[in-house]
Amino acid sequence: MVISRDLPVLLTTVELTWIEMQVERWLRFGRPVADTILDRQRRVLSFAPGSVFAFVRWAANEYGTVESHIDIVRTVGSGEDYQTVPYVQPGGEVLLHQSSWPRVQRVLEAIDAVEAQDIDPTEVSPDYWRHVHHRLEARQQPDAYTKARHRAWLRRRALQ
């Protein structure tokens with residue numbers, strides 16, 4: 001009997017929930033490789049290692065918003081270190097994390113600005129998402145992601 005030594009590919013799963021005006025967990029961008037519908041309000045998306053996605057979590061009660069978060073995560077392969085993120089299994093490399101609706105909106109605006117240049121946010125340099133995170137933490141305006149910066153990132157990635 002031959003035993004394969006190949007490690008299985010580690011898929012990262014994200015549980016999405018949509019209960020209008022109560023709990024809303026959704027993706028702003030990302031390319032899942034599988035989509036499993038659990039019921040009318042929940043589904044699970046699966047991502048291959050090395051994928052990047054933006055995951056938004058929002059919840060409210062009768063008094064208003066109780067949580068707002070956005071995480072931009074790079075999924076990891078077997079044996080790689082990772083951070084935990086609620087509703088993301090097993091977790092991933094967190095490139096950006098922001099809490100509070102005003103900061104979440106600023107990240108969504110940064111994503112919109114990238115898309116306005118016809119750049120897929122899943123292909124953006126991970127360093128840029130880290131930059132946005134740190135600038136927002138310092139209460140500063142993030143630099144714009146330009147086509148020239150994107151071309152430089154694509155060339156650098158091709159060399160690795």
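Predicted model: local features only at pLDDT ≥ 70, side-chain atom pairs only at ≥ 80, totals over all residues.
**Loops, pocket and confidence in the chain**

Colleague: Which residue lies 90 residues from Asp 120 in sequence and 9.3 Å from it in space, C-alpha to C-alpha?
Modeller: Asp 120 sits in the loop between helix 1 and helix 2, where its relative accessibility of 30% makes it partly exposed. The residue at 9.3 Å from Asp 120, C-alpha to C-alpha, and 90 residues away in sequence is Gly 30.

Colleague: Is Asp 118, with its positive phi, buried or exposed?
Modeller: Asp 118 lies in the loop between helix 1 (101-116) and helix 2 (126-137), and its phi is near 60°, although the residue is not a glycine. Its relative accessibility is 71%; because the cut-off for that class is over 50%, Asp 118 counts as exposed.

Colleague: What is the relative accessibility of Arg 139?
Modeller: Arg 139 is also a residue other than glycine with a positive phi, near 55°, and it is placed in the loop between helix 2 and helix 3 (147-159). Arg 139 counts as exposed, and its relative accessibility is 67%.

Colleague: Which residue is joined to Gln 89 by a cis peptide bond?
Modeller: The omega of this bond is about 0°.

Colleague: How many charged residues are in the lining of the largest pocket?
Modeller: The largest pocket holds about 170 Å³ of space, and its lining includes Arg 31, Arg 74, Glu 123 and Arg 157, together with residues such as Trp 153 and Pro 126. The lining divides into four nonpolar residues and three polar ones, while the number of charged residues is four.

Colleague: In what order do the elements of the chain run from the N terminus?
Modeller: The chain has eight strands and three helices. Among its contacts between residues at least 6 apart in sequence, 59% join residues at least 24 apart. Read from the N terminus on, the order of elements is β-β-β-β-β-β-β-β-α-α-α.

Colleague: What share of the 160 residues in the chain is buried?
Modeller: The C-alpha trace spans about 60 × 45 × 25 Å along its principal axes, and the accessible surface of the chain comes to about 9,600 Å², of which carbon and sulfur atoms hold 52%. Of the 160 residues, the buried share is 39%.

Colleague: Over which residues does pLDDT stay under 50?
Modeller: The average pLDDT of the chain is 93, and 94% of the residues score at least 70. The stretch under 50 has one contact in the model beyond four places in sequence, and it covers residues 1-7.

Conventions: Residues numbered from 1 in each chain as written. Heavy atoms only, no water. 1 Å grid on protein atoms, 1.4 Å probe; cavity = no way out; pocket = protein on both sides within 12 Å on 5 of 7 lines; lining within 4 Å. Points joined across faces, edges and corners; volume = space filled by probe spheres on them. Nonpolar A, V, L, I, M, F, W, Y, C, P; charged D, E, K, R; others polar. pLDDT = per-residue confidence, 0-100. Contact = heavy atoms within 4.5 Å. Helix = DSSP H or I, 4+ residues; strand = E, 2+ residues; numbered from the N terminus. Buried < 20%, exposed > 50% of the residue type's maximum accessible area, 1.4 Å probe, protein only. Areas by Shrake-Rupley, 256 points an atom, 1.4 Å probe, with all protein chains shown as cover.
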